[in-house]
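Work through the exercises below with the structure open. Each task is followed by a stepwise solution.

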Amino acid sequence: DLHSFPTRRSSDPIKLKAQSNGPIIKNAGNTGGNSDITIDGGTWDQNGLNQTPGSPWIGWASQFLNVTRLNILNTSWLNAGKYAVFVNGGTDVVIENTYCNTYSDCIHLGSPLNRVIVRNVRNNWTAGTGDDTVAIGIGDYTGYYLIPPGNVQNVLIDGVQTNTPWNAVKLFRVGVSYGHTEYNAYNMSGVTIRNVVQQNVASYGIALVYDDASTPYLLDCEVTGAEVPTLLVGAEGVYGGGSSIERLHITGLTASVDQVALNVSAGSVVADLAVDGIGTLGQSYSHDLVYLFGTIGHASINGLSLKSPTLISPSSGLHVAGAIGSFQGSNWSMENVAEGLDSNAVNTNQFQITNWKATNVPYLIGTSGTQTITINNLIADTVNVLTVVTGAGAAGYTNVYGYTRTGTAWSP
């Protein structure tokens with residue numbers, strides 16, 4: 001047990017004895033808290049398959065509750081039955097240069113949290129079911145959290161490399177699917193995620209998840225430099241509902257496998273969505289690059305690039321089926337894509353795309369519902385626009401400046 005002010009440095013591996021049934025290391029104050037703790041170095045092996053979890057210890061390798069000025073530096077964590085690094089309640093927390101090969105989350109942080117830095121995390125998953133590399137949450141299953149919940153503020157996650165079959169980074173607030181509604185009073189703000197790489201696995205990648213979109217849980221989030229299977233805004237797995245986010249700005253998102261790069265799922269709400277730079281690694285691609293099925297106040301996607309070696313149906317650059325107040329796109333480039341824009345948006349009367357180059361895109365646009373789509377500065381070898389008008393009083397319009405429509409074909 002660590003009291004306030006200690007610094008623990010270790011170069012020799014530390015392996016927990018079988019049936020010790022507790023964390024390798026924890027703060028002595030427990031829920032009462034401690035301050036000024038530094039762990040620098042060490043290989044920490046929890047020997048998790050030979051421990052028996054129980055209440056209130058669920059199986060994590062380290063436990064830090066209600067801590068202030070906690071530094072965990074240059075550490076390796078092996079064989080944790082649950083979380084490798086578990087912090088529940090923390091202010092001024094730095095976790096840097098962390099390696100994990102464990103059965104569940106590498107780093108799991110629970111609210112309340114303020115001024116948190118997680119930098120340079122590498123998760124080499126080889127055994128067990130695996131789970132999130134970095135998870136930050138408000139609430140959890142009953143028994144998993146030992147400190148009353150609160151807000152999450154001022155978080156930087158910078159540098160995550162992982163092969164986990166689940167999430168590289170997950171931000172979540174639990175709700176009705178977990179049997180809780182009291183967490184709706186709390187939210188996250190000032191969250192920045194940078195330089196995340198997750199390759200060669202089918203998973204969510206970065207997950208911004210909740211199961212009740214009635215109240216915003218994430219007020220503002222910046223994601224920069226992510227090479228992941230998918231950035232998901234919604235609900236994981238069997239949990240219904242969706243996330244509610246006030247502001248999400250994404251710069252440099254790359255689909256590392258043949259999956260939807262950005263997925264705003266049905267039931268989710270995003271007031272302000274901005275994307276600057278989204279594409280693939282150039283692999284054969286058979287999905288929608290961007291999938292907008294939620295409710296979005298304003299969306300902009302600039303610098304969309306989707307180029308597949310061969311044409312594979314039913315790929316598309318952007319698939320819209322939610323309600324979008326206004327949309328702006330610019331500088332799009334597509335090659336060997338079945339459909340450029342597949343839009344079934346509801347009441348979208350301000351949908352504009354500027355500077356769009358399309359090569360071997362059999363259908364540039366497929367639309368239905370009540371919407372107006374305007375395209376400026378189009379360069380395309382074929383311009384086929386399919387408009388399907390459905391419903392009483394519905395009207396669909398597509399304007400391609402510089403082109404004239406004859407049936408479904410458009411010519412300069």
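**Exercise 1: a charged pair between strands**

Arginine 247 has a relative accessible area of 26%, so it is partly exposed. The model is a predicted one.

Solution. 
- Step 1. Recall the general point: side chains of opposite charge can pair when their charged atoms come close.
- Step 2. Glutamate 222 counts as partly exposed, at 26% relative accessibility.

**Exercise 2: buried or exposed?**

Task: Classify lysine 170 and aspartate 132 as buried or exposed, then describe their salt bridge.

Solution. 
- Step 1. Buried means under 20% relative accessible area.
- Step 2. Lysine 170 has 10% relative accessibility, so it is buried.
- Step 3. Aspartate 132 has 2%, so it is buried.
- Step 4. In their salt bridge, the closest N and O atoms are 3.2 Å apart.
- Step 5. Lysine 170 lies in strand E11 (residues 167–173), while aspartate 132 sits in the loop between strand E8 (107–123) and strand E9 (134–138), so the pair ties together parts that are 38 residues apart in sequence.

**Exercise 3: another salt bridge**

Solution. 
- Step 1. Arginine 69 belongs to strand E6 (residues 62–78) and aspartate 36 to strand E4 (residues 34–40), so the pair ties together parts that are 33 residues apart in sequence.
- Step 2. Arginine 69 is partly exposed at 38% relative accessibility. Aspartate 36 is partly exposed at 23%.

**Exercise 4: the setting of an asparagine**

Task: Locate asparagine 336, classify its accessibility and find which backbone oxygen its side chain reaches.

Solution. 
- Step 1. Asparagine 336 is in strand E21 (residues 323–343).
- Step 2. Its relative accessibility is 12%, so asparagine 336 is buried.
- Step 3. Its side chain reaches the backbone oxygen of proline 309 at 3.2 Å.
- Step 4. Leaving aside residues up to four places away in sequence, asparagine 336 touches several residues, among them Ser308, Leu311, Thr359 and Asn360.

Methods
Residues numbered from 1 in each chain as written. Predicted model: local features only at pLDDT ≥ 70, side-chain atom pairs only at ≥ 80, totals over all residues. Heavy atoms only, no water. Helix = DSSP H or I, 4+ residues; strand = E, 2+ residues; numbered from the N terminus. Buried < 20%, exposed > 50% of the residue type's maximum accessible area, 1.4 Å probe, protein only. Polar contact = N/O pair within 3.5 Å; in protein donor to acceptor, adjacent residues only side chain to side chain. Contact = heavy atoms within 4.5 Å. Salt bridge = Lys/Arg side-chain N within 4 Å of Asp/Glu carboxyl O.
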